[in-house]
Amino acid sequence: MVSSDLLQDPSPAARERLWAVLFALLELRDHITFDQCSKLLCVALALSAAPQPPLKPDLCRQALGELLDVDQEEWSDREKLLQALDMLSNCPAALQRTQEAEETLDPSVQGWLREWERLPGIE
């Protein structure tokens, strides 16, 4: 699915079906690998991104930055994205990879991260 163009411009009905498939796969999170978690994250981000407006042929020579407002975040379904991110963050393979990465950090960085987590409002 990652190399497919199915995620480029799905209809609203297709988008809903793809979300259903994604959440069904995320229910199996205890059995998926870190690589699969990564790919599911890419799918979730692609599904939740708001579709870009089509470019008019007479504007194709202008710089893309002039045509699109790239500084603004637009999500077609932010709630489903947050739900998918929550499920992915509880994937055992992702948790293990995060723990392994934290263990290989320089001790000074580990101390900084512990202090950061103690700040109010940081989750």
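**Entry 1**

Does Leu82 count as buried, exposed or partly exposed, and at what relative accessibility? I looked this up first. Leu82 counts as partly exposed, because its relative accessibility is 40%. Buried means under 20% relative accessible area, exposed over 50%, and partly exposed in between (1.4 Å probe, protein chains only). I place Leu82 in helix H4. Helices here are DSSP runs of H or I with at least four residues, strands are E runs of at least two, and both are numbered from the N terminus.

Leu82 belongs to a nonpolar surface patch of about 370 Å², together with Leu41, Leu45, Trp75 and Leu85. Helix H2 (34-48) and helix H4 (78-89) are the elements that give two or more residues to this patch. Patch residues have over 30% relative accessible area and no salt bridge; like charges are joined within 9 Å, nonpolar side chains (Val, Leu, Ile, Met, Phe, Trp, Tyr) within 5 Å. A salt bridge is a side-chain nitrogen of Lys or Arg within 4 Å of a carboxyl oxygen of Asp or Glu. Accessible areas come from the Shrake-Rupley method with a 1.4 Å probe; for residues, only the protein chains shown count as cover.

**Entry 2: the model**

This is a predicted model: local features need pLDDT of at least 70, side-chain atom pairs count only at pLDDT 80 or more, and totals for chains, interfaces and linings use all residues. Residues are numbered from 1 along each chain as its sequence is written, and side-chain values use heavy atoms, without hydrogens and water. The average pLDDT (the predictor's confidence in each residue, from 0 to 100) is 77, and 70% of the residues score at least 70. I find 6 helices and 0 strands. Buried residues are 22% of the 123.

**Entry 3: the aromatic pair**

I find 1 aromatic pair. Trp19 and Phe23 are stacked, 5.5 Å centre to centre with 20° between the planes. Rings of Phe, Tyr and Trp (its six-membered ring) pair if their centres lie within 6.5 Å; planes under 30 degrees apart are stacked, over 60 edge-to-face, the rest tilted. The two are about one helical turn apart, because they are 4 residues apart in helix H1. Trp19 is buried at 1% relative accessibility, and Phe23 is buried at 15%.

**Entry 4: Ala93**

Ala93 lies in helix H5 (residues 92-103). Ala93 is buried, with a relative accessible area of 18%. Ala93 touches Ile32, Thr33 and Phe34, not counting residues up to four places away in sequence. Contact means heavy atoms within 4.5 Å.
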